[in-house]
Amino acid sequence: QKRLDRIKMNVKSFPDFPKSGIIFRDIFPLFHDPSLIDDVLYILKHHIKNNIKNYDTIIGLESRGFLIGPLLAYELRVPFVPIRKAGKLPGKVESIAYELEYGSDKFEIQIDSVKPNSNCIIVDDLLATGGSARSAVELIRKCGSNIVNVIVLIELIDLKGRLQYPEPTFSLVKF
Ligand code: 5GP
């Protein structure tokens, strides 16, 4: 609990960003102090070890899923695979259109990057409406793989994003 409190204290809130009425939760302050990243990884590893039997791939969502995703994958000694916005990944890609809190976009994944029938954990910084996570779930399914967990540092619980897909969600900090 001490670790969680410290993490929550260091997420900075910015009212009316990027537009009025929205409170933006900024996770970058966590990266100013490596001991906070130790805490984040400690809790995530503990959660995975105790709750997820089979996993073999960490999937990070552009762009802030690329901050924690690779660190976690490295610690767990499993591959890290990015899902990016359209047009940024070379080679053959699978794609899916999605909606997010501030507009709409398209996600892509390199087809060869996930082995069929993989058991994937999706990682992102924050779960809001759940639109991004749901699209990532659908994109991975399109590639013939499974999602065993969605992990986010922050969950905006009033938006009920976790109800957008059937797979379980784990969040460190809830607002
Ligand atoms: P959703 O698709 O769940 O509505 O929105 C989640 C996505 O939007 C995440 O990829 C996240 O990075 C971004 N996002 C939305 N609101 C915030 C916020 O307040 N703080 C941060 N750090 N990211 C946000």
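Colleague: How far does a polar side-chain atom of R64 lie from an oxygen atom of the ligand?
Modeller: This is a predicted model, in which local features need pLDDT of at least 70 and side-chain atom pairs count only at pLDDT 80 or more, while totals for chains, interfaces and linings use all residues. Residues are numbered from 1 along each chain as its sequence is written, and side-chain values use heavy atoms, with hydrogens and water left out. A polar contact here is a pair of N or O atoms within 3.5 Å. For R64 and the ligand oxygen atom, the distance is 3.0 Å.

Colleague: Which residue has a positive phi although it is not a glycine?
Modeller: Helices (H or I, at least four residues) and strands (E, at least two) are DSSP runs, numbered from the N terminus. The loop between β1 (12-15) and β2 (23-26) holds P18, and the peptide bond from F17 to P18 is cis, with omega near -5°. The residue in question is also placed in the loop between β1 and β2. With a phi of about 60°, it is D16.

Colleague: What is the omega of the cis peptide bond that joins E62 and S63?
Modeller: S63 belongs to the loop between β3 (57-61) and α3. The omega of the cis bond from E62 to S63 is about -5°.

Colleague: How are α2 and α3 oriented to each other?
Modeller: Helix α2 (residues 34-51) and helix α3 (residues 65-76) pack at about 60°, their axes being 11 Å apart. Axes are lines fitted to C-alpha atoms over the stretch in contact, and angles run from 0 to 180 degrees between N-to-C directions. Angles under 35 degrees count as roughly parallel, over 145 as roughly antiparallel, 65 to 115 as roughly perpendicular and the rest as oblique. The two helices, α2 and α3, are therefore oblique.

Colleague: Which residues of α1 make the contact with α2?
Modeller: Helix α1 (residues 2-9) packs against α2 at an angle of about 125°, with the axes 10 Å apart. Contact means heavy atoms within 4.5 Å. On the α2 side it is made by S35, L36, D39, V40, Y42 and I43, and on the α1 side by R3, L4, R6 and I7.

Definitions and conventions:
Polar contact = N/O pair within 3.5 Å; in protein donor to acceptor, adjacent residues only side chain to side chain.
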